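Hello,

Here is the structure I promised to pass on. My notes follow below it.

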Amino acid sequence: MEVTPCRVIGYYVTEKKNAKMNWSEFNNVCRNHGFSLVKINLQESLEAQGPFFAIIHKISDVIVKSSMGDSEATAALNNMESYIKLHPEVIVVDPLAGVRSLVDRSLYYRIVQDSDLAQDQVFMPTFVDLTSTDLSENLKRLKDAGITYPFVCKPSVAHGSDAHQMAVVFNEKGVADCKPPCVAQSFINHNAVLYKIFTVGHNFSVSERPSLKNFSASDNETIFFSTSDVSKADSTSSLTVLDPEDLAAAPSSKPDSDRLKHIVSSLRKELGMMLFGVDVVIEHGSGRYGIIDINIFPGYDGFPNFFQTLMDNILDTASTKNFGSLKKSRRMSDETEDSCSARKYEKLRHPKTNHLEAPPLFPKRGTLSTVVNMENPTIREYEQDDSGFDTGDSSDERKKKWGVAGGRGGYTRKVAQQARGFSTSVQPSLNNSCENSMRGGLSGV
């Protein structure tokens, strides 16, 4: 009897995120590809719960609590890190180093600043850390860093509900309203339009959202706001309504698809991550693209076929990983090809459809989500009800009503049931040497 690799995928997310994501749907996708899905308990040995083929997690809350001295969180984090170190063959979505970099705003701001994105007119607005409660010291730091008024004051820790609580500071007097530790970032006028990019490996989806209107330095009092209140698709905040003069001057052009693709590919290279969201604005006047935030494992309710796309990228990673191992083993010996070769994983992929080419359309605010595969230029678009999810965990996206598949030479419109045909897969045998992989259902959910 042929012995196949362990086929268990483990996942860990917070209870809040667990309730918002339909893991039963992912369980079905896993079963279609011959995997079992198991919810990981970080308080118990992962050795006893595995072995795992892949681990999917949003462990940022544990990382933050551990950094604040929480002993239980530290033990849980050590548990995860120890298992990953002992099992380098396991696919981890996402590497802890990348997650750590996205927990600290100033850290990932510097990553963007030092990347090659500047060559494509993409920039990170000027920023500086404010760590002192001394007003004069903060005023000096702002001046030395070249921060202009108004600026946005954001919590340094980019995770948790407090991370969405921000302020617009219009003058030196308002600097007293900043609550260190925080990051001050020069405000960029962008005509109240925000583009949220949701990345799943080689694929990304773009959604247009309302954002803060144009501001200028003034004697105005500091404005406090939550991003979840102003950047939802159905937001009615007065802060997102352009003044008449700005409304008349606001351009109607849409973002350049190649530039968005470059943003995603560059950040994937810099972060080494599969699941992240990027907030992009287009500066009024210059047309430059500004990255104002990056998010860990955002809400994906509006991302068409999210779980199937996630599985595809996991299998792609496995294929690449095992193909690299295979080439190394061939250099060392003349042994026959290992049973875990790249070709074996490729057989697990769903059958390829004929890829056709579609014009680069972009979404209207909150109604259209565009999915682009960066390795294959197929563009799939799905019209939906309000895509009211933000790059945090808050999301109330409703199911898509119909789909459009782009084609080289034309469009093919399909109803939702037909659209699922893009996810047809070959179901491999569940014959497995790993005892846990024989579990017949979604464990721990």
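Strand β1 (residues 8-12) pairs with β2 in the parallel sense, over four bridges. (Helices, H or I of at least four residues, and strands, E of at least two, are DSSP runs numbered from the N terminus; two strands pair if DSSP finds at least two bridges between them.) Within β2, Leu 37 is the bridge partner of Ile 9.

This is a predicted model, where local features need pLDDT of at least 70, side-chain atom pairs count only at pLDDT 80 or more, and totals for chains, interfaces and linings use all residues. Residues are numbered from 1 along each chain as its sequence is written, and side-chain values use heavy atoms, with hydrogens and water left out.

The open sheet has four strands, in the order β2-β1-β3-β4, with parallel pairing. Its edge strands, β2 (36-39) and β4 (91-93), each pair on one side only. From one strand to the next, the twist averages 20°. (Axes are lines fitted to C-alpha atoms, for helices over the stretch in contact; angles run from 0 to 180 degrees between N-to-C directions.)

Two cis peptide bonds to check by eye:
- Tyr 149 to Pro 150, omega about -5°. Pro 150 sits in the loop between α8 (135-145) and β7 (151-155).
- Pro 180 to Pro 181, omega near 0°. Pro 181 is in the loop between β8 (165-169) and β9 (182-186).

Asn 191 has phi of about 60°. It lies in the loop between β9 and β10 (193-200). Asn 305 has phi near 55°, and is in the loop between β14 (289-296) and α12 (306-332).

Best wishes
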